[in-house]
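These are my notebook entries on side-chain contacts. I set out to look up ring pairs, charges over rings and salt bridges.

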Amino acid sequence: NTRFNQLFGYREGELAGQPVAILNASDTRSAEEVAREIEDELEKYGIWAGEVRNRKKDGTPFWCHAIVSTFDHPVYGKVWITVHEDITEKKQIEAALAGTEQRYRQLYEGMRDAFASVDLEGRITGFNSAFVKMVGYAPEDIYTFTFRDLTPEQWITGEEQVLKNQVMTRGYSDIYEKAYRRKDGTVIPVELRTTLITGEDGVPQ
């Protein structure tokens, strides 16, 4: 249809009779390989849906989410019907977010200070290598703990007051002291600051 021509940059009627391979821009799979995969799915389920890397008339690559189905045409026999949605912007955003996450992870792991995140119930949800080294537990064990599990009992009430009166009211705490209990039973003094993380809606996470 007209929208399909506009999406791929062709004039009305230019694509008629052309091999579908001219629309394929995959760097790793040929149009024939993609077509075979789609054909197999159509035979099994009658429909195929997925992401494809297409190419405009001027050679510009772009991403589409495509849905393919079939019907019996009175002249051409079984033909494919395809619906394409341009998702290039979505893929670019995903790539940018992935790059940001990688840079964040490098910064996170490169910190010499121990860092850990907890949810509102106190369950530990993330930490860096320095934190693992400090408490002496395996990462898979740390994920099963709350901050209370690692804190000697005499420090728990004071820390909960800091969370209630500082972190939950203004979004961060003053630097305060407490202790952690390592896996070997050693109690070590620490100095820390806690910051509240919120979502885009401002709701604490």
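Entry on exposure. Before reading any value I noted the cut-offs: a residue is buried under 20% relative accessible area, exposed over 50%, and partly exposed in between. I also noted that this is a predicted model.

Entry on Arg148. I looked up Arg148 and found a relative accessible area of 32%, so Arg148 counts as partly exposed. The side chain of Arg148 meets that of Glu160 in a salt bridge, with 2.9 Å from N to O. Arg148 lies in the loop between α5 (139–142) and α6 (153–170) while Glu160 lies in helix α6, so this pair ties together parts that are 12 residues apart in sequence. For Glu160 I read a relative accessible area of 31%, which makes Glu160 partly exposed.

Entry on the salt bridges. How many salt bridges does the structure hold? I found 10 salt bridges. One of them joins Glu51 and Lys90, whose closest N and O atoms are 3.9 Å apart. I asked which parts this pair ties together. Glu51 belongs to strand β1 (residues 47–55) and Lys90 to helix α3 (residues 88–110), so the pair links parts that are 39 residues apart in sequence. Glu51 is partly exposed at 37% relative accessibility, and Lys90 is partly exposed at 42%.

I then turned to Arg182, which forms a salt bridge with Asp184; the closest N and O atoms are 3.8 Å apart. Arg182 has a relative accessible area of 23% and is partly exposed, whereas Asp184, at 54%, is exposed. I also recorded a network: salt bridges that share partners join Glu51, Lys90, Lys91 and Glu94.

Entry on charges over rings. Lys91, a member of that network, has its charged end over the ring of Trp63, 4.5 Å from the ring centre. I noted a further case in Lys56, whose charged end sits over the ring of Phe62 at 4.3 Å from the centre.

Entry on aromatic pairs. I counted six aromatic pairs. Phe127 and Phe131 form a tilted pair, with 6.3 Å from centre to centre and 35 degrees between the planes. Are these two residues buried or exposed? Both Phe127 and Phe131 are buried. Which residues do ring pairs link into a cluster? I found that the cluster consists of Phe127, Phe131, Tyr143 and Tyr180.

Methods:
Residues numbered from 1 in each chain as written. Predicted model: local features only at pLDDT ≥ 70, side-chain atom pairs only at ≥ 80, totals over all residues. Heavy atoms only, no water. Phe/Tyr/Trp six-rings, centres within 6.5 Å; stacked < 30°, edge-to-face > 60°. Buried < 20%, exposed > 50% of the residue type's maximum accessible area, 1.4 Å probe, protein only. Lys NZ or Arg CZ within 6 Å of the ring centre and 35° of its normal. Salt bridge = Lys/Arg side-chain N within 4 Å of Asp/Glu carboxyl O. Helix = DSSP H or I, 4+ residues; strand = E, 2+ residues; numbered from the N terminus.
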